[in-house]
Each structure stands twice: as structure tokens, then as C-alpha cells.
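This report is for a reader who is new to the structure shown below.

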Amino acid sequence: MPQAVLEKYALIAGQTSKIIIHAPDIARKARPGNFVMLRVTETGERFPLTIADTDHDRGTITLVYLVVGKSTALLERLEAGDELLDLCGPLGKNTAIEKSGTVICVGGGTGIAAMHHLAKGHHQAGNHVIAIIGARSKNLIFFEQELSLFCPELLISTDDGSYGTKGLVTELLIERIKKDPTISEVMAVGPVPMMEAVAKVTKPFGLKTIVSLNSIMIDGVGMCGACRVTVGGETKFTCVDGPEFDGHLVDFTELKQRLRAFREQELISINQMRQIQEAAAAVS
Ligand SMILES: Cc1cc2nc3c(=O)[nH]c(=O)nc-3n(C[C@H](O)[C@H](O)[C@H](O)COP(=O)(O)OP(=O)(O)OC[C@H]3O[C@@H](n4cnc5c(N)ncnc54)[C@H](O)[C@@H]3O)c2cc1C
């Protein structure tokens, strides 16, 4: 019996796709905050994707990914019924969720997917969840309907003003915090500059702020150290100590530098794949 079969595939926004995978063992154990490591081809790299949702009854997990390079492009080629070569998880610590009152969950770009799972966890714990989501443009916004099922407030911004409020999620966040001094916690998932900006906004308010980091990971289980980050002056491994950390303590400058470490190799890899595709197209 295959362990991880792709059940459904859908393009949900721009180059962002949603896949539902039948993986009962992972679905049963997965909690908000967890991710999986996957491999699509025998010679391919292992790479992490966050579990955006689970269906315990059906034994499925939902992943949402943006096609940015070779591995995500290879994943995009799979079709419903295909088996994933490797799928390992759930990995990472569960989100620390307690009943605390009103929580703001901020999601930017593809980070909206991971934020969805955290927001759902907070809702299930009895918290009042305010969701703030943002993207560059309207066509990149997704999960609006899914979030509105359990978030009594859903605020949307786009950089170009094509949907929701024109501007950044942080502008909506400041307004919302000022309106309500009872907010207990802010969670943010998205591009690193966005999470850094969220942490800057909440700091003067003394508001607990958790960010979910996307450091480059090789094994995802704490052996290689590639995903190390500095948090409060201490070295942490995003895969086993995180991926969620106190946003006020993360060294974002170092994180941004480390995310650029393999830029050259990533470009070579995607160019090689394109050349192979073009050669194959020319032959057929
Ligand atoms: C805990 C965690 C959860 C993540 N969840 C999601 C998610 O739900 N959806 C999503 O679209 N993306 C997610 N990412 C990022 C995703 O892993 C990368 O986009 C993917 O690995 C890119 O691989 P590529 O070969 O397509 O692109 P490449 O051309 O190899 O890389 C493009 C960019 O992706 C990032 N990246 C590359 N390799 C890795 C790696 N092994 N680990 C982490 N980042 C890498 C780097 O920033 C890089 O510059 C997550 C990352 C982490 C660490």
C-alpha cells in the first residue's frame, strides 16, 4: 500500500498550488506548526513544506507551495494518483496554543497556508482569531473562504490596492492593535522581511509575537545544522527547536543572509532543468 499518494491538485493563486496527499500516518499525528520533508525524484533534494491542513478522518494532509525553483517545479508536474517518492513528517514542534483570548494571525503570500493551520488551532482552543492576510496583488490572495469559516474578522491588504486595503499587512496590524488593547498574541508567517516588520510593529506594544521561520533545511531532523538561526543570542535549529520562535528575539539580518547562501547553485539547477525541457520539446 503506497504511503503518500497525491489525491488532488489545484492551482489556487498565481503560481501557488494546493495539493491534498493521502498519508494517514502523518495526518493522524500532524498538529499546527508541523511541516513535512519531501522528495520528488531519486536524485532530487529533500525540501520542507508546511502542513496547511489535515483531515484525520480521510487521512489526508494539505500542502500549499509556490513554484520558485527546481524542486517545486518537479512537484508541480505530479498529477492526482501519483505517489510521492519520500514524505517524512510531521516534523517540527507543534505551535504552543493555549486559550488566551484574542489572537491575531498574520499571513503573507504563501505563508497564508501555514497561518491557516495555526489560526484553526487557535480557534479550536477557544480563542477569538483575527486573520490578516496580504499579497502583492489580488490574484495571489487565497484561503479567504477557508479562513472566514472560523475567523470572525478577516482583514485583507494588497500592495497594489487591487483587493482589500492598499498597503502592507503591517498597516492593518497597527490599526487593529490600537483599536483593541486586549490582544494576547500575534502570530506571523510569510516572507522574512514581513515577519521582521511584524515583530517591529508589535515590540513597542509589548505584544507576544511568534514567527514561523523558513530557513534552508537539508534533513529537517536536527542533524545537519543548515537551518541554524540565532534567537536571543543562542543558536537554534529551525527544524527541531522551531520552526516557530519569539519574533522579538530572532536575528533576521543573519537569517536573510543565510537564505541567500545557495542562490548561485539554485539558478544553475533551474537553468539545467529548463535546458533539458527545451531539448526534450525540440525532439518530440
Ligand atoms: C519549515 C519550512 C516550511 C516551509 N513551508 C513552505 C510552504 O508551505 N510552502 C512553500 O511554498 N514553501 C515553503 N517553504 C520553502 C520551501 O521549502 C522552498 O520554497 C523550496 O525548498 C524551494 O525549492 P526549489 O528547488 O523549488 O527552489 P530553489 O531554486 O532551490 O530555491 C528557491 C528559494 O527557496 C528557498 N529554499 C531552497 N531550498 C530550500 C530548502 N531545502 N529548505 C528551505 N528553503 C529552501 C530559498 O529561499 C531559495 O532561495 C518552507 C521552508 C521551511 C524551512
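Which of the 26 residues around the ligand come nearest? In this predicted model, they are Phe47, Gly69, Ser71, Thr72 and Glu266. By class, 15 residues of the shell around the ligand are nonpolar, 7 are polar and 4 are charged. Strand S4 (47–55) is one of the elements that supply at least two residues of this shell, and others are strand S5 (60–66), helix H2 (70–76), helix H3 (111–124) and helix H9 (263–283). The most comes from S4, which gives 4 residues. The ligand shell draws on both domain 1 (5–91) and domain 2 (102–212), so it lies between them.

Strand S8 (residues 128–135) is largely enclosed by the rest of the structure, because 7 of its 8 residues are buried. S8 pairs with two strands, as listed here.

Together with helix H3, strands S7 and S8 make a right-handed β-α-β unit. Helix H3 also supplies at least two residues of the shell around the ligand.

Glutamine 257 is placed in helix H8 (residues 252–259). Is glutamine 257 buried or exposed? Glutamine 257 counts as exposed because it has 10 C-beta neighbours inside 10 Å, and the cut-off for exposed is 12 or fewer. Its C-alpha atom is separated by 29 Å from that of alanine 119, a residue 138 residues apart from glutamine 257 along the chain.

Key:
Residues numbered from 1 in each chain as written. Predicted model: local features only at pLDDT ≥ 70, side-chain atom pairs only at ≥ 80, totals over all residues. Buried ≥ 20, exposed ≤ 12 C-beta atoms within 10 Å, placed from the backbone. Near = placed C-beta within 6 Å. Nonpolar A, V, L, I, M, F, W, Y, C, P; charged D, E, K, R; others polar. Domains from an automatic or database assignment. Pairing = 2+ DSSP bridges. Right-handed = clockwise from strand over helix to strand, strands pointing away.
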